[in-house]
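Hello,

Here is the structure for your files.

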Amino acid sequence: MIHPNEHNHFKFSPSTWIIPTMMLFMNWFVFYVDHSFHLHLDVHGIYPRTFSGLQGVVFSPFLHGDLNHIASNTLPLFILTTALIYFYREVSLKVLVYGILLSGLITWVIGRASYHIGASSLIYVLVSFIFFKGLRTQYYRLMALSFTVVLLYGSMIWYVFPQPEIVGESSISWEGHLAGLLTGFVFAMQFKTPDYVEDIQFDWEKPDFDPSTDPFMKRFDEKGNFVNPPKPEELDVVDEEVLSEPIKYVYFFKENKGENQ
């Protein structure tokens with residue numbers, strides 16, 4: 001049985017696309033200003049275990065090293081944020097805000113002595129939360145969403161492990177990815193969401209159930225043996241009316257054309 005308030009939980013509203021669009025706008029605006037004026041804002045990213053590096057907990061999701069970096073994060077960030085707000089509206093703001101802060105703090109603790117920037121940590125938070133939360137709800141729509149996320153972004157799991165340094169390129173922040181994965185898992189376990197499915201309760205499960213009034217239970221005798229159902233009561237006919245149509249006679253006159261006319 002579908003919960004009567006299900007449509008209130010899964011309801012499209014302007015915030016479903018406005019918030020993801022605003023987040024992308026902020027990322028691209030900061031990227032444009034940074035590279036146009038050569039501000040080198042990456043120094044405001046997370047630098048582990050330093051006091052000044054704590055500022056990156058807030059700023060790092062909006063900082064990107066190059067065009068390929070921000071372009072690879074744009075589509076997943078928009079899709080996953082939209083899915084989060086549409087399917088988990090009640091906790092979406094907590095997941096986004098607390099996800100940035102907690103994943104950033106974990107990165108600050110376990111990260112290498114380097115600047116960690118990019119929205120990929122938040123993306124891992126969203127992937128992890130949507131996947132594990134969908135499985136926990138046991139609701140078919142959210143479980144389908146979980147498997148869709150695995151189908152699209154399941155290969156991301158390999159980037160939570162240390163990657164070898166590539167000559168001429170900067171290695172990815174696997175620490176930030178791992179932090180995001182752990183954060184999303186914790187949120188999926190802790191944040192409560194509405195019950196999307198209402199349990200069906202049969203009459204015999206209710207505390208006020210009376211077996212003597214139940215038609216099915218009447219088919220059993222005192223010893224629990226199955227017996228034939230009682231015969232239906234005969235109806236007494238008070239007035240019996242016999243309706244008959246009157247006999248109709250049809251006459252055909254035939255003229256006699258004999259010889260004696």
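The lining of the largest cavity is made up of five nonpolar, ten polar and no charged residues. In this scheme Ala, Val, Leu, Ile, Met, Phe, Trp, Tyr, Cys and Pro are nonpolar, Asp, Glu, Lys and Arg are charged, and the others, Gly among them, are polar. The model is predicted: local features need pLDDT of at least 70, side-chain atom pairs count only at pLDDT 80 or more, and totals for chains, interfaces and linings use all residues. Residues are numbered from 1 along each chain as its sequence is written, and side-chain values use heavy atoms, without hydrogens and water.

A cavity here is a set of points on a 1 Å grid over the protein atoms alone where a 1.4 Å probe fits but cannot get out, and lining residues have an atom within 4 Å of a point. Points are joined across faces, edges and corners, and a volume is the space filled by probe spheres set on them. There are two cavities of 30 Å³ or more.

The largest has a volume of about 100 Å³. Of its 15 lining residues, Ile46, Ser60, His116, Gly118 and Ser121 are the closest to its centre. Two elements give two or more residues to this lining, α5 (89-110) and α6 (120-137); helices are DSSP runs (H or I, at least four residues) numbered from the N terminus. The largest share, four residues, is from α5.

The second largest cavity holds about 30 Å³. Its lining consists of Leu24, Asn27, Trp28, His64, Ile70, Asn73, Thr74 and Leu77, divided into four nonpolar, four polar and no charged. At least two residues each come from α2 (15-36) and α4 (67-87), with α4 supplying the largest share, four residues.

Regards

Note on methods
1 Å grid on protein atoms, 1.4 Å probe; cavity = no way out; pocket = protein on both sides within 12 Å on 5 of 7 lines; lining within 4 Å.
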